[in-house]
Structures are given as C-alpha cells and as structure tokens.
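Welcome! Here is a short tour for anyone meeting this structure for the first time.

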Amino acid sequence: MSGDQTWPGAAPVADEPGESVPFETPDVCGAYPRLSDDQMARLGQQGRQRAVDAGDVLIREGERCETFYVVLSGSVAIVEGYGTPDEHVLRVHGPGRFIGELGLLNGQVAFYTAVVRDPGEILALSMDQLRDLVSRDSTLGDVVLRACLGRRALLVGQGAGFRIIGSRYSPDTRRLREFAARNRLPHRWIDLETDEEAEALLRRFGVGPEQTPLVIWRDRTLLRNPSNAELARFIGLAPLPSGNGRRDVLIIGSGPAGLAAAVNAASEGLSTTVVEALATGGQAGTSSRIENCFGFPSGISGAELTERAVLQADKFGARISVPSEAARLEQRDGHYAVGFADGSEFTARTVVLATGAHYRRLNVPGIEPLEGASVHYSATLFEAQQCGADPVAVVGGGNSAGQAVLFLAGHAPQVYLLVRGPSLEAHMSRYLIDQIGRHPRVRVLLHTEVTEVLGDKALEAVTVVDHRTGEHRQLAVRALFVFTGADPHTDWLSGALALDARGYVLTGAEAQACSVPELWQSQGRDCLTLETSMPGVFAAGDVRSGSVKRVASAVGEGAMSIHFVHRYLGHTAAPGGTDSSPHTRPKESAWLA
C-alpha cells in the first residue's frame, strides 16, 4: 500500500495518555484524540465489546455507517480505495481512539474503509447509545464533534473520496466541482486537458472525452454528468421529505439566518424543514475565517460554523434538504405552498425566507471562460490548493475580501488586493485593515479596477487601471477572487411579495405600506417586524431590506424570526386539525438527542 501514511514509517504518539501502538498516525492537529480512561469506562457501560481479527472490515467505503467504534486493543487502518488498484492507507488508530468522521454524524456514506490491521478488541455503540451518553456528557460530545469536523477537513484537503473527471472549460464540470466544494464533500478533480490519469480512467471505463464530466468512486461506480441532486443522493445528503405533511415552518435558505431559525424553531417544538438550493452555509460558509463572530475569540471558519449549526439543527429534529431550489411561493387554503425547480411542492403553515445574497459576477472581457477554473467567487481551502505557488489577486473592499486576502496570503507568495475606492475604511472592519497592513505578502492597490482578464486555458494576467492617473498595466497573477458586492436571491419572488428597488425583501412597516389596507385590517393587527407583505411569511438575514450584512446580525434575525412565527401561529388557528402539535411532536434527531 502507498499514500500519505505508510505503516512502517509513522512514529507512535509519545505525549498522549494511554497505550499507543507502533505505526499509529500522530495527532498533530487535534483530529485524532485519545479518549481518557474515564470516557472509555462510560462508553463501555453503553457499548458491546468484541474481538476482531486482522482484515475485518468495520466501515465500508460508499456505505452508511450507524455504529460508533472505539479501539480497545490492536489497531485499525483507515483506507481509501480498499480492494482497488488505488488502495492506500490514510491513517492508523490504536487503543483509545474512535473511528468515524462527519459523515457518521450527519448520515452520509463513508468516504473510506475502516479495516482491522492488528487483531484486538473494539467497543461498538449504536448511534442511539452514543446520543444518550453525550446528552449527559457534553465534554465527550465536544471531543467527538471537534474530531469529526477536523477529520472531514483533512479528507477534503487530501483529495480523498470520489473523483470528478472533466474539462475546466465545461460548465457541467464547474457545476459539479462547485457543488462538491461548497458542500465540503471529499473529492478530487481530474482535469481532462492536463491530467495524465484522465486518459487512463476513460480507457478503463470505456468512455470518450465527449461523455464527461464523470463521477467515479471505488472504481465500481460511474455517474455520467449527474445533476446536483443525483450526486447529493449518491453521497447521502437528505432529499426533501416525501409526502406533503404541512410542517409548522419551512425555512428557505441555510446560511446563518436560516440555520439559526432552524435551531430555534426545532428546539421550541415546531416541525421544521430547511431547503437549500446549493449548499448549507450561504456566503458565510465560504469564508476562510470569521474573527468578529460573537463567542469565537480566535475566529472560526465559515465551514466549521456551518457544520456545527447543521448538527445543532439536526439535534433538535430539523430536516435539511440539499439541493432544493425554491421557484414559486403562493398562499393556499390557509397555508403556503412552495414549488421547486424540479417540479415538487411543499406546504407549511409559515415560511421564513433566508435565501441571502450572491456575489456579483465581474463583467470584464475574457473572464467568463475562466470562471470556476482560475476565477473564483469564494476563497476556501479548495480554491487555495489550486493556486499553487503563484501570485493571486482579490477584488473588493469589504470584509469578505479582507478575510479572503489574509487566508490566501497563507498559501500564495503574493496577494494583490484591488480596491476601486480611495481607502479600506469605508467597508472593512478595522481588525482586518490592521492585519492586511502588517502582512508582508499583501499589497493593496487603491483606486484600481480590473478592465480585462488574460489567458487561454488558465489565467495568466489581469489588466488594471489606476483611476487617479489613468495608467493601465498588467499584473501577472494565476487566480482571481471576486468579492464585489451582492445581489439578493429573490428573482423567484418577484410579484409574490413586496421588494425594494434593489430586489431585497421589505418587512414590517415598509411591507405594510406596500400592501392594500384591507390585508392587515383583516388580520386585526399590524405587520410584524420581520414579516413580509404576505402575512405568515417572514424574512431574515441578508435577503431582508435594511439588514446589517454581518454573520452575528443574520443569526440574531434568524432567531428573532421564530419569535414572530410563534406570534403568528398563536394568532392564527391551525385549520383542519391536521398539523402536528408543537408540544407532542417526537424528536427526530440523527445526532445528539
């Protein structure tokens, strides 16, 4: 076997408590903690102990795992491509360590195989047993959660998981890569034009380049240009619940506002469904590090904040469906019916709109063919790894641009920040301005605008103009990151409810002013603070007109929207008696009950 972890080459961990084994992967980043003797004893009270032999498979790649394993003696190897020509070991765990990563907690299929290397004993707990234990031991729950989050990040960074084969010029290839990256799914892209492996794989599967993009996993599963929904179901992302059960609240969008609304609604007993068109996290989910978010003094990445929020919402029984793109909203029989792009429909007693906004495309000559390949609208580890050791440029003067610059400066030798205005102070937080000013790899160019993007198969340079002097010049950069303001995701709402001149959703007094007086007279009340011009439909976060475009503000509005949902439901009797009672609805958690 080969890979980043060879069995005879890894040293045992000397500074961890408990017994170690030779060739165990060191815990250098906190993703492989060794459980304490006390934690092991409490797990032992719940689980079932059994002997295992070398070669026994505990978790199989591509299959769901609903068992939590702890190594008592011997060792377990985490293997990618088990039983294929590409088989290699990712890591080895000894006594006191547990097996599993984020997919174990959120119901996805496994991206690796866990196979016993040295015979010994393991402890097996069902997920119900684990939930019961960590509900009484928050310290253990936090250890498991932190490790699973870290392991997912490592899998993504290593390019483990499925492979996407396709041309960088193909819109469908870019679509699949974006969906996988935004949903933090372990995968590796194989460039049809430049990667020698691509030709060999196409020959192996007997397909031609014109049939790409392909998704390949374990040398046995082949998907030909799957839709995002097909890839999501293949990996185990939850679909929209079958049957139209008329939930208490349907939350459209899963950025900070939507996820905060989900946590609060579900924890207060409302039957809650969240739908998301692309990936959980919204714009915040693409942030490399958010340092001004309350409660995280050392900062937190958008991906980790999102994963924590998703697990928390799931803990209380909220159902999250990705991808589900809302396309229509209408009132029907005292409920609200939302139609989706795939033709499906879902009804709920109330709706919370938390669709957020998206970064505007940069409209300059030469940019369109390079979008998704060398031109990006997010800056995560996925994009940073593609930059290699080349200079890059970031366009924008807000916090998102500042966070991206500092993150990319840890990967690229030179980062240009291109700002059209005369300073950073107008739109960027002071802590980011100070860090950017001190960073030796960052160069800020004010009064500067991109006028052209140069490059055939990849970005070679950008042409910029200095508006003070009128001078044009070229910057030799190999990647361009664009954060130039945002537009709301509200095209599908036009004509359904009141929007402002820029397309953001009006709420409260402004929404009421745009409505006919009889509407609110019939309600016997005024429009609630976060309520739209359609009674029972609320808006929170970036999509709302007048909102503060900050993560903490979005979280607050998401939580606040549920307060108004309760007020609306208390004011409006549920017709027909068919809706579930908030006080008797059973928990539906897939994680920590």
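Asparagine 228 lies in helix 7, which covers residues 228–235; helices here are DSSP runs of H or I with at least four residues, numbered from the N terminus. This is a predicted model, in which local features need pLDDT of at least 70, side-chain atom pairs count only at pLDDT 80 or more, and totals for chains, interfaces and linings use all residues. Residues are numbered from 1 along each chain as its sequence is written, and side-chain values use heavy atoms, with hydrogens and water left out.

**Around Asparagine 228**
- Asparagine 228 has a relative accessible area of 15%, so it is buried (under 20%, with a 1.4 Å probe and protein chains only).
- Leaving aside residues up to four places away in sequence, Asparagine 228 touches Arg175, Leu176, Phe179, Leu278 and Pro323, where contact means heavy atoms within 4.5 Å.

**The nonpolar cores**
- The largest nonpolar core has 105 residues, and Leu43, Phe162 and Leu329 have the most contacts inside it; such a core is a set of buried Ala, Val, Leu, Ile, Met, Phe, Trp, Tyr and Cys residues joined through side-chain atoms within 4.5 Å.
- Helix 4 (residues 138–158) gives the most to this core, with 7 residues.
- Another core, of 45 residues, lies apart from it and has Val375 and Ala412 among its members.

**Helix 3 meets helix 4**
- The axes (lines fitted to C-alpha atoms over the stretch in contact) of helix 3 (residues 127–136) and helix 4 come within 5 Å and cross at roughly 120 degrees.
- On the helix 3 side the contact is made by Leu133, Val134 and Arg136, and on the helix 4 side by Ser138, Leu140 and Gly141.

How values were computed. Helices (H or I, at least four residues) and strands (E, at least two) are DSSP runs, numbered from the N terminus. Buried means under 20% relative accessible area, exposed over 50%, partly exposed in between (1.4 Å probe, protein chains only). Axes are lines fitted to C-alpha atoms, for helices over the stretch in contact, and angles run from 0 to 180 degrees between N-to-C directions.
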